[in-house]
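This report walks through a two-chain model, from overall dimensions down to single residues. Keep the structure in view while reading.

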Amino acid sequence: MGEFFRLNLPYLLGGISVGGQYALIAIGYTMVYGILRLINFAHGDIFTVAGFVMVYLSATMPLTVSLPLTVLITVVLGYLVERAAYRPLRDAPRMSIMISAIGVSYLLQNLMWYVTGGLAKQYPTIPFISGSVTIFSATTKMVTVITPFLTLALVVLLVRLIGGTKIGMAMRAVSKDFETARLMGIKIDRVISVTFVIGSFLAAVGSILYFTNYTAVTPTVGAMPGLKAFVAAVFGGIGSIPGAVIGAFIIGIAENIIKAVGLTTFSDAFTFALLIIVLVFRPTGLFGEAVNDKV
Amino acid sequence: MKKFLAALMILTLVLPLVSLGEPATAGTIVIGIYEPASGDNGAGGKQETLGIRYAHSLQPTVELSDGVYEIKLVEVDNQSSTDKAPSAAQQLVSEGASIVLGSYGSSVSIAAADIFDAAGLVAIGVSCTNPQVTLGNPLYYRICFLDPFQGTVLASYAKDAFGVKKAYTLAQLGNDYDVGLVNYFTKAAEAAGLEVLGETFPEGTSDFTAYLTKAQNEGAEVIFSPTSTTYAAQIITQAAANGLSIPILAGDTWDSSVILNAAKGTDIKVNVTTFFDEGDTSEKAVAFVKGFKEWVNSSPEYLAANGGNDIIAAVTALGFDAYMTALEALKAADSGDREDIAEVMPSVTYEGVTGAIAFDENGDALRDQAFIKASDNAAENWTFVKVQGIESN
């Protein structure tokens, strides 16, 4: 038993860590979906931009400045994307906004190609969380251990924000009924902006954790984690925050278990097969019916 | 106003003609550079292109019997991607290239071979080591060694240097270079009595901890992972973070400052086979090393393309030799005509900085030895280990 544990602990640790990073991205998807009924395809690219911003800022500034500045710039970017590409289409058919989102995603990707010249950039080392730590017999980066705890702490904060503040109440109202909320005097544009700000903030934190672990930043690196986070959001029941988090952890751990048993080639296929199965047999996901959690 | 504008436009059209004055050369010959400048292999492609550009800066003209021709380099970016590659290759054909150099990365070379072939255009592969590049493509030549050779050399070295019994191989799924080289390594290693466990990862993977854990749990004593440098950096940093102590072997792709950068300050031992060693003492190599370092330090743009330092990658030396070989071909054909070049190509030879270059009936360079280098993680440099042939000793 001890031997089994020693051999498989690294897989489990890796799975939990990856799951935590997926979770932070998945929340962004699920919140925007809950309010706008929009799948924000550009979310994965905002995550990548945060990585590049950090690479460039840290080259000239100390970490104490570059870290908060990265988060700030990412949040502003998320806000601007909403302002420029989604708000003008507020009353357009939903499909138009979806197409606009795909457009933003490609625009960001190609801008990154242009700015970076397409080469992988090495993410800066952040002291403490980049350090190595030994748990039982497995050696891993500190960030692997921190990620799940930080993720859970942020989620608890978020749930309290939505459940216990005025803006949270407004969010819940908007997600229940867009039109009525507007009639009742809720400033929809403001609520939606706040949603994007929160989503981008979490993407920025997720990006810092992710790239500390996997240090190469390329323009398309956000595509895969973005897609998997989206699957996690659907799996957990799109619109539900706890659902997205649990879905993300399940996918992260399951992927690593599949790799552990030797089916490495199929680990991605598994994630997307899961998406199809969930959509066919349980379109509302694990927690989709629990409407009271909807943002 | 309109008249003034019209006059201005005519002037802009005519001026370039005037400023040329009498032509100093008999004409221009276009050499196409078919290399990735972005994507997974972008870093290596840029270093290879630097070698070609440096060679061009030394010899920007070629003397044929009817006068001196200016050489114009046309660069296209195949983006390391087999679906973008054909259009990049087509662009070189329509730009009127007389001969093409490249590419770094065998997959994109294979993807472009048919297009060059249809246009009757000779291509000289610089560092594409997969046999499929020249096999069945009569107009594709190459100046580097091949993967069956490289894989065998690496297997012999794994056995000789580390005395290992079990090896773990890691390749990117669907990448001709990775999968091919791993295949030849596995064959040679198994023939030499080693046990080999192989795994593949899908494109876009960034989490390699599961693979590395597997290698460790299965008791592998050496990891062979000839992946592109983007993945290589991830593999090295994660191996270091997970406290892995198994040496990593790789092919020519890993002879890059990206690898040194990733391995810096870690305990990971990296060994690579390659085409050229900076410490080579032959006269040509010494002159090349000195000249190239001066040239690359002369411009921040070159320095950035070389990865921010002046360490010479083997592919840069090969790029240099490829350009010089192309000049030899032009001289032998005594024209920039594609058909003439195709005719003389099989008999072209050149004494390059990476050794003598001559082609066999497939269009492959005749080479029988490879350099083995190890990473020095403190000095962030390569140290030369030995010259290894196929024979295990």
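The model is predicted. For the 393 residues of chain B, a compact globule would have a radius of gyration near 21 Å; chain B has 22 Å, which agrees.

**The two chains**

Chain B contains 13 helices and 15 strands. Chain A contains 11 helices and four strands. The radius of gyration of chain A is 19 Å, close to the 19 Å that the globule rule gives for 295 residues, so chain A is as compact as a globular protein of that length.

| Chain | Span of the C-alpha trace along principal axes | Residues counted as buried |
|---|---|---|
| Chain A | about 60 × 50 × 35 Å | 49% of 295 residues |
| Chain B | about 80 × 50 × 40 Å | 54% of 393 residues |

In chain A, 76% of the contacts with a separation of 6 or more join residues 24 or more positions apart. In chain B, 70% of the contacts between residues at least 6 apart in sequence join residues at least 24 apart.

**Helices of chain A**

Helix α3 of chain A covers residues 63–86. Its 24 residues should span 34 Å at 1.5 Å a residue, and its end C-alpha atoms are 33 Å apart, which agrees. The buried residues of α3(A) include A:Ser66, A:Thr70, A:Val71, A:Thr74 and A:Val75. Further along, A:Leu77, A:Gly78, A:Val81, A:Glu82 and A:Tyr86 are also buried. What do the buried residues of α3(A) pack against? Their partners are α2 (43–60), α4 (94–116) and α8 (188–213) of chain A.

One of these partners, α8(A), has 26 residues. From first C-alpha to last, α8(A) reaches 38 Å, close to the 38 Å expected at 1.5 Å a residue. This helix is mostly covered, with 20 of its 26 residues buried.

**Domains of chain B**

Across the boundary, 19 residues of domain 1 of chain B are in contact with 18 residues of domain 2 of chain B. On the domain 1 side, α2 and α4 (106–118) of chain B each supply at least two residues. The most comes from α4(B), with three residues. By class, this side of domain 1 of chain B has seven nonpolar, 11 polar and one charged residues.

**Where the chains meet**

How many residues of chain B are in contact with chain A? There are 26, and they are in contact with 28 residues of chain A. On the chain B side, α2 (42–58), β8 (195–201), α7 (209–217) and α8 (229–241) each supply at least two residues. The residues on this side of chain B divide into nine nonpolar, 15 polar and two charged.

**The nonpolar core**

The largest nonpolar core holds 199 residues. Which residues touch the most other members? They are A:Ala26, B:Leu101 and B:Ile236. Helix α1 (residues 2–36) of chain A gives the most to this core, with 14 residues. The core also draws at least three residues from each of domain 1 and domain 2 of chain B.

Take B:Leu101 as a close-up. Residues up to four places away in sequence are not counted here. B:Leu101 touches B:Ile31, B:Ile33, B:Tyr34, B:Ile52, B:Ile124, B:Val126, B:Ala322, B:Tyr323 and B:Ala326.

**A buried loop residue**

B:Val133 sits in the loop between β5 (122–125) and β6 (140–142) of chain B. Is B:Val133 buried or exposed? A residue counts as buried if 20 or more other C-beta atoms lie within 10 Å of its own. B:Val133 has 30 other C-beta atoms within 10 Å and is therefore buried.

Leaving aside neighbours within four places in sequence, the contacts of B:Val133 include B:Ser106, B:Ser109, B:Ile110 and B:Ala113. B:Gly125, B:Cys128, B:Tyr140 and B:Arg142 are also in contact with B:Val133. B:Ala167 is 34 residues from B:Val133 along the chain, and their C-alpha atoms are separated by 28 Å.

Technical notes. Residues are numbered from 1 along each chain as its sequence is written. Chains are lettered from A and ligands numbered from 1 in the order in which they are written. This is a predicted model: local features need pLDDT of at least 70, side-chain atom pairs count only at pLDDT 80 or more; totals for chains, interfaces and linings use all residues. Two residues are in contact if their C-beta atoms, placed from the backbone, lie within 7 Å. Ala, Val, Leu, Ile, Met, Phe, Trp, Tyr, Cys and Pro count as nonpolar, Asp, Glu, Lys and Arg as charged, and the others, Gly among them, as polar. The expected span of a helix is 1.5 Å times one less than its number of residues. A residue is buried if 20 or more other C-beta atoms lie within 10 Å of its own, exposed if 12 or fewer, and partly exposed in between; C-beta atoms are placed from the backbone. The radius of gyration is taken over C-alpha atoms; the globule rule is 2.2 Å times the number of residues to the power 0.38. A nonpolar core is a set of buried Ala, Val, Leu, Ile, Met, Phe, Trp, Tyr and Cys residues joined through C-beta atoms within 7 Å. Domain bounds come from an automatic or database domain assignment.
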